[in-house]
Amino acid sequence: MEEFLEMKIFKVSVERLLLNGGQTLYMVGCSLLAGTIVGFLMALVLVLCRKGGLTENRILYQVVNFYINVVRSIPFIILLVTIMPLTRAIMGTTIGSRAALVPLVVYISPYLARLMENSLLEVPPGILEAAQAMGASNWQVIRYFLVPETLGSVVLAMTTGTIGLLGASAMAGYCGGGGIGDLALTYGYEKMNTPLMVFTVVILVLLVQLLQIAGNRISRKLREHR
Amino acid sequence: MIRLENINKSFSDRRKVVKALQDVSIHVEKGDIYGIIGFSGAGKSTLIRMVNRLEKPNSGRVVVDGQELTDLTAAQLRKVRRKIGIVFQQFNLLESKTVFQNVAIPLILERADKERITKRVHEVLQFVELEDRRDAYVSQLSGGQKQRVGIARALVTAPSILLCDEATSALDPKTTESILQLLKRINREMGVTILLITHQMQVIQMICNRVAVMEEGRVVEQGSVMGVFSRPQATVTQEFVRTVIRDQIPESITELLYSERRNYWVDRLKFVGSNVKKPVISEICHIDGVEVNILGATVQELENSVMCIFILQLIGEDDRLEEAEAKIDQAGVLRERVVTS
Ligand SMILES: Nc1ncnc2c1ncn2[C@@H]1O[C@H](COP(=O)(O)OP(=O)(O)OP(=O)(O)O)[C@@H](O)[C@H]1O
Ligand SMILES: [Mg+2]
């Protein structure tokens with residue numbers, strides 16, 4: 001075991017490779033999960049509070065809408081640096097994979113929110129009318145009508161989001177988060193280790209392909225009844 | 001059962017104000033199949049949405065099953081809505097769920113226990129003749145089957161009122177008929193009061209016992225189906241009645257009339273209910289100097305009774321013809337002179 005971990009591939013130890021790969025999975029997985037929850041909540045606010053929505057509320061709608069537009073217009077690397085005080089306040093540090101989660105969630109959730117807002121708006125108004133006519137409370141409308149009808153699209157949005165996160169996590173990694181990005185840049189680019197660079201690129205391409213295929217599969221499963 | 005009194009409702013759309021309902025009053029008795037007919041935009045949907053308060057009136061009273069809906073809290077309103085089933089033209093079923101799950105939703109909202117849900121859903125699916133499709137997804141069903149699911153979903157909570165917003169408008173004639181028969185069974189066997197909207201007079205003719213005709217946000221005519229069909233007053237009503245009952249002289253016959261040299265009148269006779277049995281036509285045939293020619297005839301079944309329409313050409317001198325018309329009027333048959341030569 002020990003020997004295996006110390007084995008060198010492209011001049012870095014297997015231990016290093018596994019560690020950085022794990023960091024990427026951790027950053028992408030956790031921020032995807034949190035980002036989806038936050039994004040879905042924002043999408044719900046947009047859909048329910050919009051004009052003619054279930055609980056029309058212009059102010060709340062405008063606030064969330066504006067927030068999403070602002071965050072989405074900031075490039076990730078700038079966002080990362082700008083919200084460092086926030087990151088420190090929440091995580092106690094700005095370095096490491098855990099700290100990178102804060103900017104990643106802030107970055108990805110408005111993006112997911114927009115995608116999911118579109119899916120939610122695609123639910124026919126008649127469905128919501130039927131729900132209300134059955135005497136469903138607002139919470140029940142969300143739980144039994146909106147969520148099941150949009151699950152397929154949400155999975156697709158998450159797939160797209162994951163791929164965006166992979167890119168962002170590479171940048172976050174370079175700024176102290178670790179992960180594949182750190183591997184490619186610190187150990188590959190800076191040490192002029194071209195084979196390692198190529199290796200990480202291949203890994204990334206494969207990963208994205210796999211994700212997209214899996215996402216499409218699951219989404220189709222959920223939506224094939226339409 | 002359902003009483004709407006002096007309902008007014010307008011929508012303001014930017015600059016324009018649409019008066020969707022103007023001083024509308026209707027009264028649906030327990031056990032009725034009450035039809036509301038009108039052209040697109042007449043305000044029918046807005047009216048039906050008043051009954052389960054999906055739409056709030058600007059003024060007027062809505063009383064459903066003895067309960068005034070005007071100022072209920074949101075929670076009270078949800079409770080009332082659970083006792084009113086509704087069926088839509090576009091079905092509005094969840095595509096992501098099976099037939100069983102769709103029908104079960106209203107019970108799930110009530111937090112009924114699993115056992116009761118399974119039992120009750122099975123019952124209603126049996127009633128609408130769809131138990132064999134319980135695990136199918138909505139996209140795998142035909143339009144008629146989808147509407148049966150919609151109806152089953154509306155009935156699963158055993159409501160006392162069923163609202164149908166153009167429930168058959170998206171269906172072909174044969175399917176329409178089977179859905180209408182189903183509604184009739186629901187009314188008879190379950191004792192459910194039905195309020196339905198349509199723009200097809202056939203629907204009213206086939207299953208309703210009462211009808212209201214709407215035009216531009218107003219109820220222009222209402223009454224028993226027999227009454228409205230035999231004596232339509234408003235122009236729209238006459239137009240609607242004409243779509244199902246031919247009471248005009250066929251064109252080919254009009255041409256024949258041009259070549260008639262003798263003095264004649266053409267009368268339209270409507271025999272309604274027990275009038276049908278009166279031997280009026282044979283009586284006028286026996287008047288000297290009157291020749292009777294039947295130009296057209298139709299029979300319609302309405303509210304389990306019949307209405308016969310005869311178009312008669314009466315040939316003879318004016319005073320003879322007057323005598324014949326007097327005989328018809330005496331018998332209480334509705335008469336209308338359509339042509340005088
Ligand atoms: N939410 C709304 N906002 C603005 N205008 C509305 C709204 N709902 C209905 N209207 C208007 O009110 C009028 C009556 O509409 P309603 O849907 O009741 O007609 P309808 O008789 O059901 O027609 P159809 O047969 O096409 O369904 C129409 O002029 C419509 O444009
Ligand atoms: Mg309508």
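The questions and answers below look at a predicted model, starting with chain B and its ligand.

Q: How many helices and strands does the secondary structure of chain B come to?
A: In this predicted model, the C-alpha trace of chain B spans about 80 × 50 × 35 Å along its principal axes. Buried residues make up 51% of the 341 residues in chain B. As for its secondary structure, chain B comes to 12 helices and 14 strands.

Q: Which element gives the most to the shell around ligand 1?
A: The residues around ligand 1 belong to chain B and include B:Phe11, B:Val18, B:Lys44, B:Ser45, B:Thr46 and B:Glu166. By kind, the residues of this shell divide into five nonpolar, five polar and two charged. With three residues, the element that gives the most to the shell is H1(B).

Q: How much of the accessible area that ligand 1 has on its own does the protein cover?
A: Several polar contacts can be listed between chain B and oxygen atoms of ligand 1: a polar side-chain atom of B:Ser40 lies 2.4 Å from one such oxygen atom, and a backbone N or O atom of B:Gly41 lies 2.8 Å from an oxygen atom of the ligand. A polar side-chain atom of B:Glu166 likewise lies 3.2 Å from an oxygen atom of ligand 1. Of the 640 Å² of accessible area that ligand 1 has on its own, the protein covers 62%.

Q: How many of the eight residues of H1(B) are buried?
A: A residue counts as buried when its relative accessible area is under 20%. In H1(B), B:Lys44, B:Thr46, B:Leu47, B:Ile48, B:Arg49, B:Met50 and B:Val51 are buried. The helix is therefore largely enclosed by the rest of the structure, the number of buried residues among its eight being seven.

Q: Which residue, with a positive phi, follows H1(B)?
A: Beyond the end of this helix the backbone takes a positive phi, near 55 degrees. The residue that has this phi and follows H1(B) is B:Arg53.

Q: Is B:Thr193 buried or exposed?
A: B:Thr193 lies in strand E8 of chain B, which runs over residues 193–198. A polar atom of the side chain of B:Thr193 lies 3.0 Å from the backbone nitrogen of B:Gly31. With a relative accessible area of 0%, B:Thr193 is buried.

Q: Why is the pair of A:Phe10 and A:Phe199 described as tilted?
A: By the rule for ring pairs, the count over all chains comes to four aromatic pairs. Planes under 30 degrees apart count as stacked, those over 60 as edge-to-face, and the rest as tilted. The rings of A:Phe10 and A:Phe199 have their centres 5.0 Å apart and their planes at 40 degrees, so the pair is tilted.

Q: How many residues apart are A:Phe10 and A:Phe199, which link distant parts of the chain?
A: A:Phe10 is partly exposed, with a relative accessible area of 33%, and A:Phe199 is also partly exposed, with a relative accessible area of 28%. A:Phe10 is in the loop between strand E1 and strand E2 of chain A, whereas A:Phe199 is in helix H10 of chain A.

Q: Which residue has its charged end over the ring of B:Trp265?
A: In chain B, the charged end of B:Arg185 sits over the ring of B:Phe127, 4.2 Å from its centre. Over the ring of B:Trp265, at 3.5 Å from its centre, sits the charged end of B:Arg337.

Conventions: Residues numbered from 1 in each chain as written. Chains lettered and ligands numbered in written order. Predicted model: local features only at pLDDT ≥ 70, side-chain atom pairs only at ≥ 80, totals over all residues. Heavy atoms only, no water. Near = heavy atom within 4 Å. Polar contact = N/O pair within 3.5 Å; in protein donor to acceptor, adjacent residues only side chain to side chain. Areas by Shrake-Rupley, 256 points an atom, 1.4 Å probe, with all protein chains shown as cover. Helix = DSSP H or I, 4+ residues; strand = E, 2+ residues; numbered from the N terminus. Nonpolar A, V, L, I, M, F, W, Y, C, P; charged D, E, K, R; others polar. Phe/Tyr/Trp six-rings, centres within 6.5 Å; stacked < 30°, edge-to-face > 60°. Buried < 20%, exposed > 50% of the residue type's maximum accessible area, 1.4 Å probe, protein only. Lys NZ or Arg CZ within 6 Å of the ring centre and 35° of its normal.
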